[in-house]
Amino acid sequence: MTATAETQGAQMVTLRIWRGDANGGKFEDYSTPVTHGMVVLDAVHQVQATQATDLAVRWNCKAGKCGSCSAEINGRPALMCMTQLAHVLTDQPIVIEPMQAFPTIKDLVTDVSWNYEVKKRIKPFQPRKPDAPDGTWRMDQVDVDRVQEFRKCIECFLCQDVCHVLRDHHKHEEFIGPRFLVYVAALEMHPLDTADRLEDLKDRDGIGYCNITKCCTKVCPEHITITDNAIIPLKERVVDEYYDPIMRLWRLFVPKRTALPMVSS
Amino acid sequence: MADYPTHEHDVLVIGAGGAGLRASIEASAAGVSVGLVCKSLLGKAHTVMAEGGIAAALANVDERDNWMVHFSDTMRGGQYVNNWRMAQLHAQEAPARVRELEAWGAVFDRTPDGKILQRNFGGHRYPRLAHVGDRTGLELIRTLQDHGIHKGINVFMEYTVVRLLKDGDRIAGALAYSRERGRFAVFKAKAVILATGGIGKAYKITSNSWEYTGDGHTLAYDAGAELQDMEFIQFHPTGMIWPLSVQGILVTEGVRGEGGILLNNKGEQFMYNDIPDNYKNQTAKDPEEGWRYCQGDRNAQRPAELLTRDHVARCIMREVKAGRGSPHGGVYLDIAWIKKKIANAPEHIKKKLPSMYHQFKELGNIDITTEPMEVGPTTHYVMGGVKVDADTQMSRVPGLFACGECAVGINGANRLGGNSLSDLLVFGKRAGEHALKYAKEHAAPSLNADAVEAAAKWALEPFDRQGGDEGPYVIQHALQDMMQDLVGIVRKEDEMQRALEGLAKLKERAKKAKVVGNREYNPGWHTALDLHNLLTVSEAITRCSLLRKESRGGHFREDYQNKEAAWAKVNLVTRKGPDGEMQVEQVPIPEMPAELKQIIEEMK
């Protein structure tokens with residue numbers, strides 16, 4: 001597709017967008033004018049409004065807060081609304097394709113329903129008894145800083161998309177992926193929570209599959225330190241609980257704890 | 001009824017933002033079946049964009065706060081045309097709704113003694129907003145979502161409701177289509193709760209997402225319910241204005257709550273030049289006192305930057321019109337200046353306003369810890385909505401409820417920041433509770449197959465249109481441009497008359513809008529259907545704005561610049577007449593009980 005007469009003079013960019021559905025598809029090129037500060041999602045919307053009104057793209061806030069417009073831009077998982085065109089411009093067309101770790105619905109839209117099923121399986125928050133007679137709790141800011149980092153997650157699922165265990169090895173049945181390890185970490189490190197999810201992590205959730213390549217951390221638009229702050233501490237807790245011989249011996253004599261050691265109240 | 005799949009529930013909730021989720025949780029608590037239909041994926045609704053906090057008189061930071069102060073602040077902010085009963089319930093119940101979130105796993109920022117921290121916000125006398133940095137909305141929606149998924153609610157993601165269905169006078173359900181497959185589904189229900197949010201997409205410059213097309217307003221209107229206060233639109237004073245592609249994206253009031261100041265191109269802190277009479281007693285005399293207030297000095301009054309949003313937006317417009325604006329037609333919002341006052345200012349700013357820091361860094365190439373932002377007004381919120389009973393949230397259509405932004409009442413002519421999140425919790429719960437009660441007291445309705453067929457046929461029309469080659473986006477953009485220009489922040493008679501004529505023409509164009517492709521995930525088709533909703537709410541806004549010949553809150557008339565005592569006594573109610581035309585009527589505001597009047601008097 002070539003530039004139309006009325007847009008001559010403006011700087012043009014070519015978007016190479018994947019068009020198709022679950023049965024297959026192909027890349028198509030669209031040329032569209034560029035304005036200062038434009039993000040990839042703006043360019044896609046421009047194409048949608050003027051050249052391809054049935055182009056499917058999922059989006060909501062256009063401000064990096066809802067995590068809907070996840071895609072792969074020049075091969076890199078990213079939010080289209082937070083990627084400036086200027087930062088991905090080369091002399092080649094900008095390639096935009098749907099996330100590869102999930103089934104395609106249409107064009108840039110993928111079926112992410114698996115993530116919602118996974119979350120449902122994880123034991124929900126279970127608070128301890130309130131600290132004060134009026135039914136409220138007391139928590140210090142330092143004790144919630146880490147949990148607040150995890151709760152920044154906007155569920156864009158880019159970390160799931162980039163994770164090779166899901167993307168290349170398709171272990172969706174055995175591994176919950178970085179997003180839900182962060183979710184479990186937020187629950188496990190919540191100062192008020194009393195539930196124990198370590199056995200689930202070890203057996204059902206497949207935490208052992210993660211070999212800490214940190215790709216998830218690199219693509220996280222919220223800059224959550226997924227691997228170092230969430231996954232590795234969870235791995236350590238699983239190891240302490242199930243594989244540490246001294247702890248095993250200890251537990252023969254001391255009753256199983258109800259709260260985890262790292263939390264303070 | 002053709003072969004559409006039919007889903008039957010006791011209570012059907014439309015919309016899965018904070019209000020819809022809270023209503024669903026409440027309705028499901030008593031074991032009835034609840035269906036939740038949402039246009040997007042769960043957890044992506046507009047609530048996620050709320051930044052500053054949830055207003056509730058917890059009195060954790062200042063023990064002088066209580067529901068009566070919150071009530072009188074809300075009424076003053078709304079210029080006294082609020083539904084006083086809703087404002088009262090809201091102020092009384094908000095603290096319990098916030099504490100409940102903590103019991104469900106929310107992690108708010110903390111005070112030094114370990115309680116929920118509260119911050120300053122415009123129009124609130126004391127620090128009142130429970131918050132998590134500047135991403136409170138995300139915390140709220142995620143908490144409700146993660147709690148709600150274990151309650152047995154049937155969630156239908158990426159379904160859009162086309163029309164409400166009735167059984168005689170009472171509600172009977174809705175016809176919807178799934179985005180993914182483009183197929184229709186019938187939802188049969190004893191009670192229906194609308195929680196669809198606002199109308200921002202009727203305007204060009206808005207902080208709202210594509211979803212905000214006035215769906216609930218229009219569904220209710222078409223089903224025979226009434227709308228009220230549609231002339232009151234909140235233009236948030238601080239949206240991003242540059243680069244153009246990010247125009248309208250919200251810059252939280254929290255920036256000003258943390259000490260951010262507004263400056264014109266002469267470097268003047270212009271908000272101190274115009275302080276309304278009814279706020280004189282509550283506003284700092286000078287910037288120094290304002291700063292002390294932000295630092296927690298209990299003897300200081302709040303800075304002029306934290307006057308109500310309607311006023312701040314107009315002051316910004318005035319600076320720009322007088323040639324004192326920033327290069328891209330706004331003013332400067334500066335938080336970096338606090339480095340003169342506190343050590344480690346950059347770290348403090350990043351900690352308190354992390355989303356703002358990233359938003360400007362990544363979209364505007366600006367570091368807010370060292371340089372000022374350029375900001376200007378953006379369409380943010382509609383105070384008007386479906387008229388409901390204050391206690392039950394039921395509209396005049398039996399079994400049809402509404403809550404959150406799509407309902408009307410607590411905000412009057414202007415909403416205070418932070419009151420929307422508490423509104424959706426308080427009235428989401430109430431709507432859920434009363435819809436549940438209604439469902440238990442009533443038998444299942446029956447559906448009218450002809451009405452279902454007619455709605456489905458209407459929805460498919462855009463595919464069948466011959467001739468005309470106009471797509472839906474062109475019409476949507478034309479509408480947004482027109483509403484922005486003619487029924488925006490500053491309104492006048494002749495411009496709004498032109499808007500009415502323009503709306504009539506756009507309605508004709510919308511009837512001919514054509515879409516291409518098939519029914520599966522086809523945004524062009526969805527936009528064509530949304531046009532009906534956008535045009536309906538735009539007409540209501542325009543007609544009400546024409547009628548209200550005064551200026552109050554979010555409604556400013558260049559030709560009637562003063563507030564008039566007579567207009568303080570009425571609300572404007574919009575309904576569909578028997579001839580299908582829109583009617584607007586002045587309805588007197590019920591007399592406030594003596595005890596509430598006394599509270600307002602005492603808090604003056």
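**Close-up views of the predicted model**

**View 1. Polar contacts link chain A and chain B.** Across the interface of chain A and chain B in this predicted model, 37 residue pairs, both at pLDDT 80 or more, are in polar contact (a pair of N or O atoms within 3.5 Å; within protein, one must be able to donate a hydrogen and the other to accept it, and residues adjacent in sequence count only if both atoms are side-chain atoms). On the side of chain A that touches chain B, at least two residues each are supplied by α1 (40-50), β6 (104-106), α3 (113-121) and α4 (141-150); helices (H or I, at least four residues) and strands (E, at least two) are DSSP runs, numbered from the N terminus. The largest share of this side, five residues, is provided by α4(A).

**View 2. A salt bridge joins Lys119(A) and Asp146(B).** The closest N and O atoms of this pair lie 2.6 Å apart. The rule (a side-chain nitrogen of Lys or Arg within 4 Å of a carboxyl oxygen of Asp or Glu) finds six salt bridges across the interface of chain A and chain B.

**View 3. Leu252(A) is exposed in helix α11 of chain A.** The helix spans residues 245-253. Leu252(A) has a relative accessible area of 66%, where exposed means over 50% (1.4 Å probe, protein chains only).

**Notes.** Residues are numbered from 1 along each chain as its sequence is written, and chains are lettered from A and ligands numbered from 1 in the order in which they are written. Local features need pLDDT of at least 70, side-chain atom pairs count only at pLDDT 80 or more, totals for chains, interfaces and linings use all residues, and side-chain values use heavy atoms, leaving out hydrogens and water.

Technical notes: Buried means under 20% relative accessible area, exposed over 50%, partly exposed in between (1.4 Å probe, protein chains only).
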